[in-house]
Amino acid sequence: MKTIFEKDNGVSGITFCDEAANTCVIDEKFKRKLPLELPNVGELEALRHYKELSDKNFCIEKGFYPLGSCTMKYNPKVNELLASLEGFTGLHPLSDDEDCQGALELMYKLQSALKEITGMDAVTLQPAAGAHGELTGMMIIKKYFEVNGGKRTKVIIPDSAHGTNPASAHLCGFEIVPVRSNDKGQVDIEALKSLVNDDVAAIMMTNPNTLGIFEENVLEISKIMHENGSLLYYDGANFNAIMGYTNPKLMGFDVVHLNLHKTFATPHGGGGPGAGPVCVVEKLKDFLPAPVIEFDGEKYFRNFDIKHSIGSVKAFCGNFSVLVKAYAYILMMGQNLKEASENAVLNANYLKEKLKGEYLLPYDEPCMHEFVLSGERQKEHGVSTLNIAKALMDENTHPPTVYFPLIVHEAIMIEPTESETKQVLDDFVNAMLKISDNIKTNPEKVLSAPHTTPVKKIDETLAARHPNLKFVQE
């Protein structure tokens with residue numbers, strides 16, 4: 001008799017196997033006392049049940065998804081097909097380099113493509129998502145100053161920045177110094193000059209910024225920071241706006257993270273995997289996480305011998321399937337990546353011009369791939385931005401990002417991406433105008449929205465105070 005499983009608490013005897021008799025016996029105390037209550041249905045009924053459940057989910061294939069700053073664009077199905085090839089899915093991550101030359105070649109060529117697109121000199125593919133890439137980049141900056149004898153303790157961050165920026169810098173031990181925006185929604189240069197001193201390690205910026213506005217003084221900012229011995233960090237969340245037109249290297253940045261699961265059309269949202277490669281200039285390549293993928297002219301290999309490496313930040317080489325999808329997208333698009341940015345910018349400006357008469361536009365500037373409206377006019381009728389977002393759910397549209405960035409009251413951030421047609425954009429405009437009209441004539445209809453979704457209006461206060469999915473209000 002042989003025990004084939006033992007619980008961690010030391011209680012053995014769950015299953016005994018008599019190898020001679022080829023039988024197994026479950027210990028009585030672990031047996032179910034009552035029959036398992038499963039529905040007695042056929043395969044077709046079960047299939048229909050789960051299909052109906054899936055139809056209740058909203059996704060990019062069902063409707064418009066203008067989720068500002070998150071680039072929720074269509075993911076070509078060929079990417080999924082290629083990532084599911086057996087040669088990729090069946091490859092063990094502990095395989096020797098000689099046994100995974102195809103995968104290593106793909107990663108090496110992806111690194112090369114990302115260097116070309118960003119203008120940078122070296123790349124790590126390890127980080128698992130954007131915020132993880134930020135953390136990795138800030139660790140590189142911190143290590144750079146430690147190795148070079150600097151005692152830099154502060155990082156400057158614009159007041160319009162993504163919330164992950166100060167979080168990533170703070171996790172690395174930096175003090176966060178905010179810099180205000182000017183009346184054009186860009187970094188206030190004079191305010192920046194007053195903050196720069198020998199304690200400043202870097203500035204973290206997104207360009208275009210979170211308002212969807214291009215920082216037209218970025219070269220002056222770069223000069224100010226570099227003359228101070230500081231570095232510039234580029235948050236790549238909005239990279240979808242500039243592909244083929246410019247790159248972070250030309251703007252003077254030293255460290256870049258890219259969201260492959262945004263810019264290069266791999267699935268985003270729903271808790272799926274991400275990828276946040278970090279690209280750096282020449283003087284920072286010796287600080288990258290190990291390993292990086294290299295090629296000696298004959299074979300591809302993982303190089304663990306990096307002089308000042310910050311160490312591994314993700315098991316093996318990152319989320320490999322996401323890397324495959326992103327590489328496939330880049331190969332498929334080629335120079336049309338530039339056209340993708342063109343259309344993203346065109347679509348955003350089209351929506352902005354159509355909506356700015358009815359909704360307040362705090363920064364009336366040409367935008368890039370996204371723009372930020374304010375629902376303050378509608379709030380005068382007692383209807384909040386959150387109510388507007390919920391009403392959009394009745395119009396086959398996913399709510400956009402709301403209440404962010406914080407420098408815009410009742411903010412509504414809208415990013416159409418390049419994927420959508422003019423008809424979809426016009427439908428969205430009509431929906432937004434319809435909601436605004438209802439706010440004036442029948443505000444209760446908007447206040448009680450959504451009406452057509454499987455889950456209707458919920459009590460956000462109750463949900464925040466009782467974040468237990470099992471909680472039921474009496």
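Two strands pair if DSSP finds at least two bridges between them. Helices (H or I, at least four residues) and strands (E, at least two) are themselves DSSP runs, numbered from the N terminus. Keep both ideas at hand for the exercises below.

The model is predicted: local features need pLDDT of at least 70, side-chain atom pairs count only at pLDDT 80 or more, and totals for chains, interfaces and linings use all residues. Residues are numbered from 1 along each chain as its sequence is written, and side-chain values use heavy atoms, with hydrogens and water left out.

**Exercise 1. Get an overview of the protein.**

Step 1. Start with the secondary structure: there are 17 helices and 15 strands.

Step 2. Look at the extent. Taken along the principal axes, the C-alpha atoms fill a box of roughly 85 × 65 × 40 Å.

Step 3. Turn to burial, where buried means under 20% relative accessible area, exposed over 50%, and partly exposed in between (1.4 Å probe, protein chains only). Of the 474 residues, 48% count as buried.

Step 4. Finish with contacts (heavy atoms within 4.5 Å). Among contacts with a separation of 6 or more, 66% come from residues 24 or more positions apart.

**Exercise 2. Trace the sheet of seven strands, and find A122 in it.**

Step 1. Write down the strand order: β4-β10-β9-β8-β7-β5-β6, an open sheet with mixed pairing. As background, strands of a sheet pair through backbone hydrogen bonds, either parallel or antiparallel.

Step 2. Find the edges. These are β4 (122–124) and β6 (175–179), each pairing on one side only.

Step 3. Zoom in on one pair. Strand β9 (residues 255–258) and strand β10 (residues 278–280) are antiparallel and share three bridges. Within this pair, V256 faces C279 of β10.

Step 4. Now locate A122, which belongs to strand β4. A122 counts as buried because its relative accessibility is 10%. Beyond residues up to four places away in sequence, A122 touches K115, V278, C279, V280, K285 and L288.

**Exercise 3. Which residues of the largest nonpolar core touch the most other members?**

Step 1. Recall what is being counted: a nonpolar core is a set of buried Ala, Val, Leu, Ile, Met, Phe, Trp, Tyr and Cys residues joined through side-chain atoms within 4.5 Å.

Step 2. The largest core has 86 residues, and L114, L192 and F264 touch the most other members. Helix α11 (residues 320–333) gives the most to this core, with eight residues.

Step 3. Take L192 as a case. Not counting residues up to four places away in sequence, L192 touches I156, V179, V187, I203, I221, I224 and M225.

Step 4. Note that another core, of 24 residues, lies apart from it, with L351, F371, A391 and A431 among them.

**Exercise 4. Examine helix α15.**

Step 1. Helix α15 (residues 422–441) has 20 residues. From first C-alpha to last, α15 reaches 28 Å, close to the expected 28 Å (1.5 Å times one less than its number of residues).

Step 2. Its buried residues include L425, F428, V429 and A431.

Step 3. Those buried residues pack against α12 (336–355), α13 (376–379), α14 (385–392), β15 (411–414) and α16 (443–447).

**Exercise 5. How many disulfides are there?**

Step 1. Apply the rule, a pair of cysteine sulfur atoms within 2.5 Å. The count comes to zero.

Step 2. Check C100: the nearest cysteine sulfur, in C317, is 8.0 Å away.

Step 3. Check C367: its closest cysteine sulfur, in C70, is 17 Å away, too far for a bond. C367 is buried, with a relative accessible area of 4%.
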